[in-house]
Amino acid sequence: MAAYCRVSTDHEEQLGSFANQVEYYAELICSHPGYELAGIFSDEGISGTGTKHRPGFQRLIQACEEGKVDLVLTKSISRFARNTQDCLRYARRLQQLGIGIRFEKEGIYTLDASGELLFTILSSLAQEESRNISENTAWGIRSLFARGVPHMNASCLLGYDRGVDGRLVVNRAQAKVVRRVFRDFLEGWSASEIARRLNAAGVPGVRGEARWYPVSITRILRNEKYKGDLLMQKTYTESFLTKKQRRNNGELAQYLVEDAHEPIVSREEWEAAQLELARQEAFRERHRVTQLGSRTAEPLHARVFCACCGARYLRLTGPRARVQWWRCVGASRAARDTAEEGLGGQAAVDASVPAADEPACTAPRVAEDALHAALAAAWNQVVGERAALEPGWREVERTGDVLQRLRARQMRELASHGAADPLRPALVRMVLEELIVHDPCSYEVHFLDGTVRRVQTARYYA
Ligand SMILES: [Zn+2]
């Protein structure tokens, strides 16, 4: 067991505190029955920035490497090293030797979880240091957390730049893209469709290129920074030897700072997006659909299901065919193969496609026109009954959760525009949860606000 003491200036009062430190550790170690003093290493009144000017420190490291020490006590991180690079380098070297450092003031021990927290913060600060963080702020680790200043790299965060004080400031141009992602998502576009649309429009991402993936969209939707909050310690360095970054699922404390910076979307909109993400996840699980949203931006994609076997209906033919047919993917293997051709292989990865040994569903194929007619009939019923439905929507708008409120308001406003046939794709996207095919003339339409209508249509022949 060793102690390391240092004062950073040669002011007299600090020298006093230095003598106190030495005495304190000598007493602490000697009075503890389990501890055996390997030495007190100290540097007095030395203001050099690097470790090479600190002979006491060098002797400590040497003693550690010679195996004479198994625990180092020191008052604080700032006493141990003068900058993050040094602290990181030596704390890590000692960790590799199996030697822990106990930083008294911070309550951190480098061989347990609190040490991992320290390493995480130190490594991010070390990156920052190339931008010349002043001596005073370099060690304000705890207060960084308390003040809600993120230590992550703002250059990877779409919509924000880092301001002079380290806080996030809105980047107006990028914020527009963030708002668009939230708006499109709540208007029924799936993450993959949003990514495809941004790519097609050449909208630049955070690195200046239009390279969007579904996962970049969901990451934006889930990021709490867009509502003005800051969640600290979302990830941590698992082990400093592997440098593996892990998601923090409660292993370490998380700090949520509300209203840490200017929001880009409202709290309501952000919460609604979380509820919609959860709804979609439950929906995909219930219907065994791996991905929502088609390449052709077809609003009925992954929204039409078979009443007979529960599998989804896929469009069989390409957009230039005279009649576009939809068929239950459980209906036959042949139907699946056709669907694969029609959708460019997209169905191949779909979990809802049954295995070869499952009994085939006998549900017939249906014409796309019939699906559109069924939808229009159900919607126009809702429009016709809107006087009766309106009190219910208004009630939900007052008492529902943010997503229920949003859906009720969308239904009420869209219904007020009157009947339509066929329905605009944008409207279908915003109101339709699923369309269930009972037979080619009988359908059940579930709207996102919970309204359900059963409709009959004329049979369509090719
Ligand atoms: Zn079926």
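The model is predicted, so local features need pLDDT of at least 70 and side-chain atom pairs count only at pLDDT 80 or more, while totals for chains, interfaces and linings use all residues. Residues are numbered from 1 along each chain as its sequence is written, and side-chain values use heavy atoms, with hydrogens and water left out.

Let us begin with the metal. The zinc ion has as its protein donors the SG atoms of Cys 306, Cys 309, Cys 328 and Cys 361, at 2.2 to 2.4 Å. Donors here are N, O and S atoms within 2.8 Å of the metal (3.2 Å for Na, K and Ca), and sites may look incomplete because water is not among the atoms. The arrangement is tetrahedral because the four donor atoms subtend angles of 94 to 121 degrees around the zinc ion (four donors count as tetrahedral if all angles lie between 85 and 135 degrees). For comparison, the ideal angle for four tetrahedral donors is 109.5 degrees. Along the sequence, the donor residues follow the spacing C-x2-C-x18-C-x32-C. Cys 309, in the loop between strands S12 (304-306) and S13 (313-315), and Cys 328, in strand S14 (residues 325-328), are 19 residues apart and link distant parts of the chain. Helices (H or I, at least four residues) and strands (E, at least two) are DSSP runs, numbered from the N terminus.

Next come the helix pairs. Helices H2 (residues 55-65) and H4 (residues 84-96) pack at an angle of about 20 degrees, and their axes are 10 Å apart. Axes are lines fitted to C-alpha atoms, for helices over the stretch in contact, and angles run from 0 to 180 degrees between N-to-C directions. H2 and H4 are therefore roughly parallel (angles under 35 degrees; 65 to 115 counts as roughly perpendicular, over 145 as roughly antiparallel and the rest as oblique). Phe 57, Gln 58, Ile 61, Cys 64 and Glu 65 of H2 make the contact (heavy atoms within 4.5 Å) with Tyr 90, Arg 93 and Leu 94 of H4.

Helices H13 (residues 368-384) and H14 (residues 386-399) pack at about 80 degrees, with axes 6 Å apart, and are therefore roughly perpendicular. Here Val 382, Val 383 and Gly 384 of H13 meet Arg 386, Leu 389 and Trp 393 of H14.

Finally, look at the backbone. Most residues other than glycine have a negative phi, and most peptide bonds are trans. Arg 288, not a glycine, has a positive phi of about 50 degrees; Arg 288 sits in the loop between helix H11 (267-287) and S12. The Asp 421 to Pro 422 peptide bond is cis, with omega near 0 degrees, and Pro 422 lies in the loop between helices H15 (402-415) and H16 (425-431).

Methods: Tetrahedral: all angles 85-135°; square planar, octahedral: opposite > 155°, others 65-115°.
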